[in-house]
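Look at the fold shown here, then read on. The report takes it piece by piece.

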Amino acid sequence: MRKTNYLFGALALGLGVLVGTLGVSLLTNSSSPASFISKLSGQDKIQTVAGAASSAAQPSPTLNTVPDALAGSNVPNPDSSSNQAGQQNNPLSLGQNGDNKDAAALSLLKQQVITDYKQDIGIFFDAWKSVDMDAFRLKLAKAYTGELFEKHARRAEEYLVQGVGLDVSQITFDQVDVESADANTATLRVDYRYTAKDYSLADATPIGEAHEQTVHVRVNLLKQNSRWMITGESAVQ
């Protein structure tokens, strides 16, 4: 009887050690189902960047971001003929009268759209370090609005409830072009890259391997209270 008790005790101890080991492995392995990076691994143009996240400078949330600047929403592509120069539907366009004041106003408008967009992406990625969904939504609401805001929130909840976020160490904007813009709406064509790791919310620490993701996207923005907010994203091949 005593030997039987010892046997059951040894088995229980061994099982506990095995479960604990698997738990740690799932948390730290970027290929585990709980890993956000593992989801990105199915995307095109993603590659492991050995040591990149540890050596790169941390991004400034006020200047620079999973995506789904990674996956498109149902945002229609702007008509290429009407938006080719960002002019035909633009009340600030040079095509109206060629006035230098209009040119200056259009230039300032484009600069503000681009600046706000880059800040929106920084806010987006910073939100992925939120300790809970309330905090995530509060941060994301500063950059996104509408159905796309809800789409990002639904995706984030899947991971944040498991204690997994995203740590972005570097963002490079290769191309940010204003395809069209008026006083209240704008469309951008954007290419950018970022390096990221999974992030343990409990320990506030990056975990797993660093990966580089390349994003090609068309973005719709809406001006609200003097700030440009992202309302739509569609992937561009």
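Predicted model: local features only at pLDDT ≥ 70, side-chain atom pairs only at ≥ 80, totals over all residues.

## The hairpin of S3 and S4

Strands S3 and S4 form a hairpin. Four residues lie between them.

S3 covers residues 185-200. S3 and S4 pair in the antiparallel sense, over 15 bridges. Which residue stands opposite Val 190 in S4? The residue is Val 217.

Two of the partners can be named. Lys 223 has Trp 228 in S5 as its bridge partner. Val 219 has Glu 233 in S5 as its bridge partner.

The hairpin of S4 and S5 has two residues between the strands. Asn 225 lies in this loop. Ser 226 lies in the loop between S4 and S5 as well.

Now look at the loop. Phi of Asn 225 is near 50°, a positive value, and Asn 225 is not a glycine. Ser 226 is not a glycine either, and its phi is positive at about 75°.

Is Asn 225 buried or exposed? Asn 225 has a relative accessible area of 78%, so it is exposed. Ser 226 has 54% relative accessibility, so Ser 226 counts as exposed too. The cut-off for exposed is over 50%.

Which residues does Gln 224 touch, leaving aside its neighbours within four places in sequence? Gln 224 is in contact with Thr 145 and Met 229. Thr 145 is 79 residues away along the chain. Yet the C-alpha atoms of Gln 224 and Thr 145 are separated by 9.5 Å.

Strand S2 covers residues 164-181. Ser 169 is found in this strand. Is Ser 169 buried or exposed? Its relative accessibility is 0%, so Ser 169 counts as buried.

Now compare chain and space. Ser 169 and Pro 206 are 37 residues apart along the chain. Their C-alpha atoms are separated by 9.9 Å.

## Helices side by side

Turn to the helices. Helix H5 covers residues 100-127. H5 packs with H6 at an angle of about 175°, and their axes are 9 Å apart. The angle is why H5 counts as roughly antiparallel to H6. From H5, the contact uses Ile 123, Phe 124, Asp 126 and Ala 127. From H6, it uses Phe 136, Lys 139 and Leu 140.

H6 covers residues 133-140, and H7 covers residues 147-160. The axes of H6 and H7 come within 10 Å and cross at roughly 150°. H6 is therefore roughly antiparallel to H7. The cut-off for that label is over 145 degrees. The crossing of H6 and H7 is right-handed. On the H6 side, Met 133, Phe 136, Arg 137 and Leu 140 take part. They meet residues of H7 including Phe 149, His 152, Ala 153, Ala 156 and Leu 160. Glu 150 and Glu 157 of H7 are also among the residues met.

## The whole protein

How many helices and strands does the protein have? The secondary structure comes to seven helices and five strands. Along the sequence, the pattern is α-α-β-α-α-α-α-α-β-β-β-β.

The protein has 237 residues, and buried residues make up 43% of them. The accessible surface comes to about 12300 Å². Carbon and sulfur atoms account for 53% of that surface.

How values were computed. Residues numbered from 1 in each chain as written. Heavy atoms only, no water. Pairing = 2+ DSSP bridges. Buried < 20%, exposed > 50% of the residue type's maximum accessible area, 1.4 Å probe, protein only. Areas by Shrake-Rupley, 256 points an atom, 1.4 Å probe, with all protein chains shown as cover. Contact = heavy atoms within 4.5 Å. Axes fitted to C-alpha atoms, helices over the stretch in contact; angles between N-to-C directions. Parallel < 35°, antiparallel > 145°, perpendicular 65-115°, else oblique. Left-handed = near helix turned anticlockwise from the far one by under 90°.
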